[in-house]
Amino acid sequence: MNQKVLTVLEYNKITDMLTERATSELGKTRATKLQPLSSIQEIRQAQKETSDALARLIRGDSVSFSANKPLSKCFKSLEIGASLTAGELLSIADFLDNVSRVRSYGARKYDDEKADCLTGMFEALVCLDRISDDIYRCIISEDEIADDASPKLKSIRREIGLSGERIHKQLSSIIGGSLRTYLQDAVITQRDGRYCIPVKSEYRGQIPGMIHDQSATGSTVFIEPQAVVELNNKIKQLKLDEAKEIEQILTELSAETAEERGAMESDQKLMTDLDFIFAKGRLALDMNASEPVFNDAHVINIRKGRHPLLDKDKVVPIDIRLGDDFDLLVITGPNTGGKTVSLKTVGLLTLMGQAGLHIPAGDRSQLSVFKKVYADIGDEQSIEQSLSTFSSHMKNIVAILKNADEDSLCLFDELGAGTDPTEGAALAIAILDHLHKKGIRTMATTHYSELKVYALSTDMVENGSCEFDVATLSPTYKLLIGIPGKSNAFAISKRLGLRDDIIEDAKNRITDEQESFEDIISDLENSRRSIEREREEIADYKAKIKSHQDALERKRDKIEDSRDAILRKAREEAADILQEAKDIADETIKTFRMAGPEATMRDLEKARDRVRNKQKDNASHLTFKTDDRPAKQIKTEDITVGMSVKIRSLGMSGTVSTLPDDKGQLFVQCGIMRTKANVSDLTILKDDKEQDKKDKFDKSSPSLGKIKSGKTMTVSSEINLLGKTVDEALYELDKYLDDAYLAHIPSVRIVHGKGTGALRQAVQNKLRKTKYIAEYRQGEFGEGDAGVTIATFK
């Protein structure tokens with residue numbers, strides 16, 4: 001691909017955007033050097049990689065390759081047997097750790113995810129956690145080696161520490177002793193790695209030792225006292241031993257790393273490739289781009305294409321075809337109407353697609369492989385080379401005609417402009433006809449009416465135009481295939497403020513033949529708009545019909561599913577009823593058989609009661625019904641104190657004891673229970689006797705309605721748990737607390753006895769976890785002491 005067209009079409013800005021989305025230095029370098037491909041197999045593979053990376057980014061978290069730094073120098077050093085520095089080994093450890101994280105990312109599976117073309121690349125990564133763990137264990141930073149890197153290093157550093165402590169102790173005794181007056185400051189310092197003390201210059205002879213340094217003014221000398229010389233010598237030797245041991249540790253780590261040099265080089269190549277591929281995926285995600293379908297028939301069909309360098313929220317998508325019904329497209333229309341943008345969009349999307357990048361266009365857009373793309377766009381006039389606008393364009397056109405072949409895509413902006421209109425139009429037609437006869441896919445923009453006539457009268461040549469709204473005197477930027485465009489010079493000039501008399505004079509200077517041609521174009525445009533409106537209406541009707549059909553289908557399927565579910569449930573319930581009846585019968589027969597001739601009537605009656613109770617329990621489940629009839633709404637002003645009402649949510653009847661407040665809340669007295677309710681949950685009872693005869697608590701109410709009023713009236717304020725196991729006691733206590741709380745008893749007395757204290761502890765734990773218990777305490781003298789717990793409700 002020639003480099004000039006990459007510059008003209010601003011392809012380098014796309015690679016810059018791609019580079020920003022790579023996460024490693026090597027990935028960014030790879031993105032910067034991206035070039036369009038010319039093999040359709042390679043292009044399809046690159047597009048597939050981008051699609052798979054995009055799918056992974058959409059479905060899961062992102063992945064980073066930031067530790068993939070250039071390691072070629074390290075690998076070269078390992079190859080010749082050299083040792084690496086601590087910093088180089090840490091870079092390798094970071095890289096290997098990054099490899100492990102990337103491989104784990106690639107191994108993630110989603111429910112609907114199948115293996116893609118990237119799976120093999122992720123699986124080919126070699127995890128060398130053993131090496132990275134050893135490096136991290138031994139090296140803390142570029143300047144620090146861990147004490148645990150080796151037993152010998154740990155021992156040496158311990159000796160250095162002990163020797164340093166001895167020196168500090170010795171020097172501290174000097175500083176705090178009789179020699180204190182000779183010192184400039186009572187501090188211990190170091191010079192050349194040896195411990196010293198600052199002595200006043202005039203007393204240098206009073207402290208025996210070695211002078212290592214003096215201050216800038218000469219008033220202070222730094223003396224190593226004779227008493228610590230031997231210890232300083234020992235530390236010096238230990239430091240040398242430490243450096244030697246660190247060098248040995250780095251040598252061993254380098255040798256261990258060198259054994260896997262080949263695997264690490266392979267990992268680095270794969271990491272760079274994956275970073276580059278995921279950068280393409282991120283770019284596609286940000287552009288809302290899709291994979292184009294490539295062909296080798298030189299057919300272009302871009303659907304809803306957008307120029308990638310324009311704001312995607314503002315740019316108007318265009319549809320462009322070339323190579324199927326025609327191989328030459330002549331685009332006309334007003335200035336600033338979008339002709340050049342359309343030309344650049346085709347060229348840049350072609351380059352992006354051939355580089356393996358997704359394009360900002362609709363799904364199933366088609367692109368073809370062109371070995372060369374040529375573009376003559378923009379003004380390249382040069383004063384130094386004495387080239388005018390026309391000359392600079394012609395120089396480019398000559399080069400294009402010389403090199404273009406049937407595998408080329410040629411783009412011309414304002415072909416033949418910059419010279420005499422008659423000669424320019426003739427030249428433009430001749431150039432386009434030459435390319436057309438050679439079967440070269442070509443797009444050109446122009447203002448010449450002669451080119452419109454050429455397109456209308458020549459096979460496989462088509463007119464196109466950028467739509468212009470005469471009503472608003474502004475372009476719509478829509479590209480229309482099959483209709484030549486008008487320059488609309490008069491309309492634009494009028495909008496910009498040119499006088500009407502000048503515009504009328506200009507219109508009078510147009511020949512009848514030219515005016516007739518422009519009128520034909522206007523009629524075609526009006527017809528197109530009318531057909532477009534009718535097509536949109538038909539599409540809208542079809543969409544509504546389809547929506548209704550889908551709704552009916554869903555409703556029918558739902559009815560079928562509901563019917564099947566009801567029948568299935570009825571069969572299951574019938575089978576359960578039959579099984580229950582069989583079980584009851586079998587148990588009855590078994591009970592009477594086991595009773596024998598010696599059984600008393602009392603024993604048989606107990607057995608029959610057990611069977612009857614079980615039958616009642618089963619029947620209660622089968623006869624449970626709910627009342628779905630909507631209740632009549634009661635107005636607040638209809639409520640009076642003493643009125644008989646029913647609380648529907650509780651299934652309880654009572655009398656109104658207070659008038660409703662602003663929110664409709666009031667109190668209802670239900671036996672000994674005083675309950676707060678809302679007007680919307682009440683039903684007025686017309687005949688109290690009839691209601692009581694029906695039921696005090698309607699079985700058709702929810703589960704709370706099954707509570708018997710008699711039970712609430714007989715709840716005691718005390719429960720006796722003596723003689724029961726912990727499990728038995730907690731079961732009875734749980735049920736008792738619920739009944740007592742519903743009965744509005746303020747506090748209860750729980751008798752559990754003293755014993756070992758296990759039952760008391762279990763009871764108090766239960767009270768602590770019960771939400772409606774406000775507090776509890778141990779019984780006082782006269783209440784039962786430790787054998788009793790008093791609980792108070794909220």
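In this predicted model, helix α23 runs over residues 758–769, and its twelve residues reach 17 Å from the first C-alpha to the last, which is close to the 16 Å expected at 1.5 Å a residue. Within α23, the buried residues are L759, A762, V763, Q764 and L767. What covers these buried residues includes the helix α22 (726–742), together with β23 (747–751), β24 (773–778) and β25 (788–793).

We now turn to charged side chains. Side chains of opposite charge can pair when their charged atoms come close. A search of the whole structure finds 32 salt bridges, and a few of them can be followed here.

One of them joins the side chains of E10 and K13, with 2.8 Å from N to O.

Another salt bridge is formed by E159 and K234, whose closest N and O atoms are 3.6 Å apart. This pair links distant parts of the chain, since E159 lies in helix α9 (residues 151–175) and K234 in helix α10 (residues 229–258), 75 residues apart. E159 is partly exposed at 28% relative accessibility, and K234 is partly exposed at 34%.

In helix α14 (residues 421–437), K437 and D433 are four residues apart and therefore separated by about one helical turn; they form a salt bridge in which the closest N and O atoms are 3.2 Å apart. K437 counts as exposed, with a relative accessibility of 67%. Elsewhere, salt bridges that share partners join E20, R21 and D286 into one network.

Terms used: Residues numbered from 1 in each chain as written. Predicted model: local features only at pLDDT ≥ 70, side-chain atom pairs only at ≥ 80, totals over all residues. Heavy atoms only, no water. Helix = DSSP H or I, 4+ residues; strand = E, 2+ residues; numbered from the N terminus. Expected span 1.5 Å × (residues − 1). Buried < 20%, exposed > 50% of the residue type's maximum accessible area, 1.4 Å probe, protein only. Contact = heavy atoms within 4.5 Å. Salt bridge = Lys/Arg side-chain N within 4 Å of Asp/Glu carboxyl O.
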